Amino acid sequence: MKQFFSVHDIPSLSEAVKTALACKTNPFQNEALGKHKVIGLVFLNPSLRTRMSTQKAAMQLGMQVMVMNMTSDGWALETKDGVVMDGNTAEHIREAAAVMGEYCDILGLRSFPGLQDATEDYSEELFQKFAQYCGKPVVSLESATRHPLQSFTDLLTIIEKGNYHYDEVKKQYIPQEMKPKVVLTWAPHVKALPQAVPNSFAEWMIQAEKDGLLDFVITHPEGYALKEEFTQGATITTNQKEALQDADFIYVKNWSSYENYGQITCTDASWMLTLDHLKETNQAKVMHCLPVRRDLVIAAEVLDSEHAIVIEEAGNRVWAAQAVLQEMLKNK
Amino acid sequence: MKQFFSVHDIPSLSEAVKTALACKTNPFQNEALGKHKVIGLVFLNPSLRTRMSTQKAAMQLGMQVMVMNMTSDGWALETKDGVVMDGNTAEHIREAAAVMGEYCDILGLRSFPGLQDATEDYSEELFQKFAQYCGKPVVSLESATRHPLQSFTDLLTIIEKGNYHYDEVKKQYIPQEMKPKVVLTWAPHVKALPQAVPNSFAEWMIQAEKDGLLDFVITHPEGYALKEEFTQGATITTNQKEALQDADFIYVKNWSSYENYGQITCTDASWMLTLDHLKETNQAKVMHCLPVRRDLVIAAEVLDSEHAIVIEEAGNRVWAAQAVLQEMLKNK
Amino acid sequence: MKQFFSVHDIPSLSEAVKTALACKTNPFQNEALGKHKVIGLVFLNPSLRTRMSTQKAAMQLGMQVMVMNMTSDGWALETKDGVVMDGNTAEHIREAAAVMGEYCDILGLRSFPGLQDATEDYSEELFQKFAQYCGKPVVSLESATRHPLQSFTDLLTIIEKGNYHYDEVKKQYIPQEMKPKVVLTWAPHVKALPQAVPNSFAEWMIQAEKDGLLDFVITHPEGYALKEEFTQGATITTNQKEALQDADFIYVKNWSSYENYGQITCTDASWMLTLDHLKETNQAKVMHCLPVRRDLVIAAEVLDSEHAIVIEEAGNRVWAAQAVLQEMLKNK
């Protein structure tokens, strides 16, 4: 694997999940693989889970970790070509990426979108140029439009918590009885947030649906449709109540409007997930990528109930990251 | 040891000091103990000595270290329950702590008090909730009202520099001749500082006095009494000259008023420790937790004299931290 | 080696380059040397290449690395003696350095000049006091007036890219045919930058010229002469075109005026290096310490051409650092 940027970089979801669960069972089995290898984790934005889980995954593979916080410890990067650099950016991504490629065997990059210009954000220029110029395998630690380590973790958590068995002949997971119903629901927030997590979750769930692993539904208020390329093939409804009916897993997340790009066009508090919303579900398990604002996005009563699996979900970030890094180390 | 928050977490001061000094003699003796274990050091406030010494202690025990600077690399945490999180805090301590517990075998936490509300600060809500929700052993890297790694170091330094022998039968240190006289004296400062260091030092010294290790006196101007729970049993005087008489160790520290909470009510420069103050002492050794402002808190002439043992004291931070982490690793 | 601050700390340039190239050939040959040793990298200013390359070099020598970002994770340091510390500085360099010396076997320090007062900057007070008080070997990670790890790298890159053989009897590198012509040229910038990189490069190249390794020329506009102690013995001209004639290596760098200290007195864009400037060179290789502002300091067309060796140059930072640390570890 030369890049981990989206679901399209994974040949088989079932195989990827199996690898991650094997890492969970035996975290140090491949500790020799990363000996004398260095991963550089480059943060253009804050991070807690991604930072710590990826670091831990790399260490369990025997790698050395170097963290580079560009904002506090470095400087602003230029991504545009043909620009006279007489402004605020001190270094071009062409040089910065290439230099970090000289020092690292694998690189991870986190960079959020500006939420000002959809075309610019969805071009993923920064991530793509970084990957191109560094010349080394690159793991997305969340980019402008996707958060694949989170989505991989989410799928892994659904398979782990659902009732599945792995079929050795077909080389894929099979739901034991009924396929679980997975619902992605929008929730309110006071800040305009990126679409990266829901885009990415939708991409992964649609592929999982195609692989026969689950049924997938998206629900959000009018004006909150995600960009079509991420949701093609998904069942989408603005009726949250209907969507949640019989749900097994509910993935709660706020995002800002794609249509009115980066805007907050709905503040309807009834979309916040409460215990009441769970009544007609199949004792649904509630997921969220975290950080989550209590009693704004999800009711505290839900987060403190047995429905919530957000902590185990966050814990699983290690195993998804480890599976990805392991593949990158093996293919080198 | 499941928590290191105050002197009450230590069954025997003498045994703890003995362990720390054994670490100093042979730093890598227990290097196998921390293999494949991770410590997470979480900073909500700046740190130099605590950061570096704890990191070094952990590495000498064979642990991996992950540092999380919440302010620069993360975001603000909510500690109150029942709050609609529509303000500046992006994540609740319940989730943040639990998630970090997923990634780490031991956690360290530094968080200073707000100095606005004594009840809030002295509730130690943040530390206690962090410890409760992370589900792993937690080391205080200085909390709102205590700095136990510093106090452990201070005791260790007094025993090392004083004239003691360890009695193998009684399993405790015995002063060779007279018990040393240890004096905690307030000193001036231009900023309002927490009471954590003096509170903690008092707690440890009072216990050491009970154990027959030393005699302890506190001196400060009117209006600077520490909270009673920390000083019960101590000799306290507002007469600095009298207190310093025949002192063997002088622990200098500024703190803001507890009574007029968080206020600077005295700026009397005569409380700054000078060589003149040392004349009627027993060639006292001068200690301070550092950082220290020269010629404001302690005269430069003292810091540059043979009285000062502040550097060796700071160096001993490693061994106190290592003794604590070692106990935590052994009890797991 | 007790200190790496300038070219004068290196007994033989040829031997130093040979050691660095041996590290490049076999990065882990001396991995046992740094076992149980700790390097502390102390940053008072931002850093990317220096941070990552020195960290990597230390890890390849088996050392543990502790990074201390004083600005974001610590506090401001006082360097003046005899000051009543009632202002913004929370700790004196005497204590801070000594304490870090307690925790580390080798220390690295980065600190930029203030560019307000030449005498103060050129006294190198901060670096010298840090080295004096920490009591351990110190590597400059760029100080007020020099950047020796960069200059060592630059020499190493010139020898690697030029046509040299190493004479085992004379124990030095010999240019195969003609000695390469190395030109340091000033270039425009919008911010006032330190003279550290050009000072240091000049010092190293003048020594290299004395050692018969190359010919060295400096060119800059009127008013941009470097301080004489750094350029004594060098050929200096304000005629850039003449200087670049037949050049084999061109080292491009902006610096602010020394004469009008810290000022930008020239903004002549014709000094920016373009492909046109390279026409009468000997197919010159173009170097820069990075970060470089495209189309302001060096034309993008040059950086994207085969003339530019800035990435390999940055990559070589690892081997210069490793050679220095290795010597420090061996001499302990």
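The model is predicted: local features need pLDDT of at least 70, side-chain atom pairs count only at pLDDT 80 or more, and totals for chains, interfaces and linings use all residues. Residues are numbered from 1 along each chain as its sequence is written, and side-chain values use heavy atoms, without hydrogens and water.

**Strand E13 of chain B**
- Strands here are DSSP runs of E with at least two residues, and helices are runs of H or I with at least four, numbered from the N terminus.
- Five of the five residues in E13(B), 249-253, are buried (under 20% relative accessible area, 1.4 Å probe, protein chains only).
- B:Phe249, B:Tyr251 and B:Lys253 point one way, while B:Ile250 and B:Val252 point the other.
- In a regular strand, side chains alternate between the two faces of the sheet.

**Its neighbours**
- Strands pair if DSSP finds at least two bridges between them.
- E10(B), residues 181-186, runs parallel to E13(B) and is joined to it by five bridges.
- In this pairing, B:Val183 stands opposite B:Ile250.
- E14(B), residues 285-287, is also parallel to E13(B), with three bridges.
- Here B:Phe249 stands opposite B:Lys285.

**Chain B against chain C**
- 29 residues of chain B are in contact (heavy atoms within 4.5 Å) with 28 residues of chain C.
- Four salt bridges are counted between the two chains (a side-chain nitrogen of Lys or Arg within 4 Å of a carboxyl oxygen of Asp or Glu).
- One of them joins C:Glu95 and B:Arg294, at 2.8 Å, N to O.
- Helices H2 (49-60), H12 (310-315) and H13 (317-330) of chain B each supply at least two residues of the side touching chain C.
- H2(B) gives the most to that side, with seven residues.

How values were computed: Chains lettered and ligands numbered in written order. Buried < 20%, exposed > 50% of the residue type's maximum accessible area, 1.4 Å probe, protein only.
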